[in-house]
Amino acid sequence: MATTTAVDLTSQTKPKKLLLQVAHDWLTTVDHKKIGIMYIVYALVFLVIAGFMAMLIRIQLAVPNNHFLSPQVFNRLFTMHGTTMVFFVGMPILFGFGNYLIPLMIGARDMAFPRLNAFSFWISAFGGILLYYSYVGGSGLYGAGSAPDVSWWAYAPLTEKVFSPGHSTDYWTFSILLSGIGTTGTAINIVATILSMRCKGMTMTRLPLLPWIYLVTSFLVFVAVSPLTAAQIMITIDRYLGAHFFDTQAGGSAILWFHFFWIFGHPEVYILVMPAFGFMNEIIPVFSRKAIFGYPAMVAATVSIGFISLSVWAHHMFIDGLGAGGNIFFTAATMVISVPTGIKIFNWLATMWGGKIQFKTPMLFATGFLFQFLGAGLTGIVLSSAPMDWQLNNTYFVVAHFHYVLVGAILFALFAAFYYWYPKMTGRMLSERLGKWHFWLFVIGFHLTFDLMHVPGILGMPRRIYTYEAGRGWDSWNMLVSAGGFIQAIATVIFVVNMVWAFYRGRVAGPDPWDAWTLEWATTSPPPDYNFAVPPSISSRRPLWDLKHPEDVDSHYEY
Amino acid sequence: MSERAAMAHNDGTGHAESEGFVQLPAPTIWPLILALGVSLSLAGLVTHWAITVLGVCLVLPAIVGWFVQIFPHERHEPVAVSTQIVPISTEWIVHVRPQPEIEPSAATTGRRQVLPLESYSLFVGVKGGIAGGIAMTVPAAIFGLLKYHSVWYPINLLAAGGFVSWASESDAFLAQFHLYGLLAGFAIHAFSSVLVGLLYGAILPMFPRRPILTAGFIAPLFWTGLLYTSLGILSPILDARINWLWFIVSQFAFGLVAGFVVNLQVRVRTPQFRALPFAVRAGLHTDAPRVDESLGDKNK
Ligand code: HEM
Ligand SMILES: [Cu+2]
């Protein structure tokens, strides 16, 4: 593949810097690549913390009548686990990849508002730190401080002063508020960047699908995060100034909180899962050696998912007494989402169909994503019918469903993204051998845990219980579920080892290790500060293909 | 966005180049300080008021500092570029599958193949869905006439899925004409036919070779199976009263008509087809490639 382009090597030949200088560089940086990496590292740290909490929860539930944890500690653990995973792992890691990749993929030198970018990162990061500071706040480390214990949706009136005295709920509220500010800032930045910084020749119809998806997702962030922020402010006013927005005793409405929360909460799951779709759109074609099938349909499906996901939030409220009309509407709306989602799945399959598929680690994880996302969609359809939900709501079935999405789909897509873009970010390849161990162990652990978790749910095991009596038919299932959890933990350790090892010892990647087609591979790995020595100019959706095959350029094939 | 507009935006932040240097936004500590200040002002509410005071003390200089970074001129930092011609290298190893000897044709000698060669457009499925939806009403009406002497029965039954109050109504009630029943039944039926058609259209490109088999038989069987297992959940009242024999008959009516309509539609040529020489596309040459010749890009 002898193709040439103007890139430079200065970034590889810089002299070594003092530690203090390095720290200063990172703290003051406004470079989208550094900020992206900081987002990713901070999310990984929280991933390990929240994963460790999950292990504690699973130890507690592995056998009946267990007293490993106290009820109070258990409540705190699942609250912190859920909150951390959604707000301080999921969102930052996706914004991290977005930050890193979007300017590179659209041939820009930076984000539209580099300083706002730095601000958004830091305020989200401080939000996470504040959340964990709750462990040392109040009654200190050993009394586990004031860690919140109201779960990640903080239903009112439980969160009102009467039921949650002290400051634990305030920690939750304020950290969500801070992360909400950061998230909104990043979303503004992403929209502005994609709309105004594309390189010469990159029309919206030539925009790679990953930036397309981040564009739609960022719009969703505007619409969904604002109600959440408003709700946090309202509950703060309730708690500090004695208002009664959600205080049922004084004429406030708990249902109002549910609406505020889920009008954010459901789009939030799409905010998390859509970037995962974006990773698939980049990875599956490259490892199938085919162009993505149905680019326009993919864009249309993305946009319509964005719209529909805003109108289904109340499927989280079927048991709250919305009335038959509400239930029917939200059942139907929820089921409609399966159409654009189905279009995406079939287009991925059509992309793989007849391709020369190479099962490198990123592709393995992508394939796992496809299967598991399908499974998640099917249990979602089961839950979206109100009568079934009346049976299954607040059981382990729901927990199994959303972990199918959050772990089976989103985390798998993230792993795929790591194996795929790690060489670009660090200049070194992750080990394929460790990667395959990681993949297979994780798949086995995942299915052991979350396939089986549906069963105690159907048998009536409620969620958020801290222990249960023996002999209800839940025991052995729970033991297996916990065992699966540990297999996943081991796989994650392999992944972390792989990353650390590869950073120092991994094979040098070169600019384009996967023989890919999008612009981020047209510069060195890692890219220099300014991304491209000469800003690129493109004429098709696969600019690198054109560069490598001038005799057979892509624009002939575009439609 | 037009190309010219894209070009004009290309250097939106004024990252101008000058003689081997690129101007990038200068690093700054103020966003961090501002974020810290805001966080501390909130954190003070849960810890100690002094923390809030400290936070506010950080917010003010941070705002000023940030302002000064941008006004009157955005601060930039020149970064040296050393331009060198470097090959975009890849170590990607392509395993060439053993391939049967095939006669060289335009597509086999070309370097890549986009599969499938031709396919249906997504909206063909919608058309098929509408046609099938209309066709479905015939067996449903016959069933209603035979069993309840009323063509309204099936429609009301469908509508009952949307009217919870109808769940306990008698067969006689459902056999009467109700305007709301007609409207609701029509809406539900039209909506679901179109949606099923749309999904259909998404699946068809996967089976470009046997559209009649797929659209006419396999897909309706699939939908019926899916509905059979889930109808109890979707609409318990429908599930309780439905006659599955007639239901399957009407599903086949849907599938066959939808399949027929789909087959009438012109297939959309995929980019691969359009890349073939004109003589092949026009049908003057007969060496158009068959889809099943498994080919890869032979560019390695
Ligand atoms: C594929 C389409 C999907 C459908 C039809 C669907 C449907 C549902 C329904 C009806 C519920 C309510 C269950 C209950 O509380 O009783 C639910 C819960 C949940 N879903 Fe999904 N879902 C889908 C996709 C997703 C995605 C993409 C995510 C995450 C990225 C997700 C995450 C969740 C979460 C976190 C809950 C639990 C909410 C809670 O704690 O009450 N779902 N889903
Ligand atoms: Cu939802």
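Predicted model: local features only at pLDDT ≥ 70, side-chain atom pairs only at ≥ 80, totals over all residues.
Residues are numbered from 1 along each chain as its sequence is written, and chains are lettered from A and ligands numbered from 1 in the order in which they are written. Local features need pLDDT of at least 70, side-chain atom pairs count only at pLDDT 80 or more, and totals for linings use all residues, while side-chain values use heavy atoms, with hydrogens and water left out.

Three histidines coordinate the copper ion (ligand 2): A:His266 through ND1, A:His315 through NE2 and A:His316 through NE2, at 1.7 to 2.0 Å. Donors are N, O and S atoms within 2.8 Å of the metal (3.2 Å for Na, K and Ca); water is not among the atoms, so sites may look incomplete. Along the sequence, the donor residues follow the spacing H-x48-H-H. A:His266 sits in helix 7 (residues 254-288) of chain A, and A:His315 lies 49 residues apart from it, in the loop between helix 8 (295-309) and helix 9 (324-336). Helices are DSSP runs (H or I, at least four residues), numbered from the N terminus. Both A:His266 and A:His315 are buried (under 20% relative accessible area, 1.4 Å probe, protein chains only). The copper ion is 4.3 Å from the iron atom of ligand 1.

Ligand 1 is surrounded by 23 residues, each with a heavy atom within 4 Å of it. A polar side-chain atom of A:Asn393 lies 2.4 Å from an oxygen atom of ligand 1. For A:His401, a polar side-chain atom lies 2.9 Å from a nitrogen atom of the ligand. Helix 13 of chain A gives the largest share of the shell, six residues.

Notes:
Helix = DSSP H or I, 4+ residues; strand = E, 2+ residues; numbered from the N terminus. Buried < 20%, exposed > 50% of the residue type's maximum accessible area, 1.4 Å probe, protein only. Polar contact = N/O pair within 3.5 Å; in protein donor to acceptor, adjacent residues only side chain to side chain.
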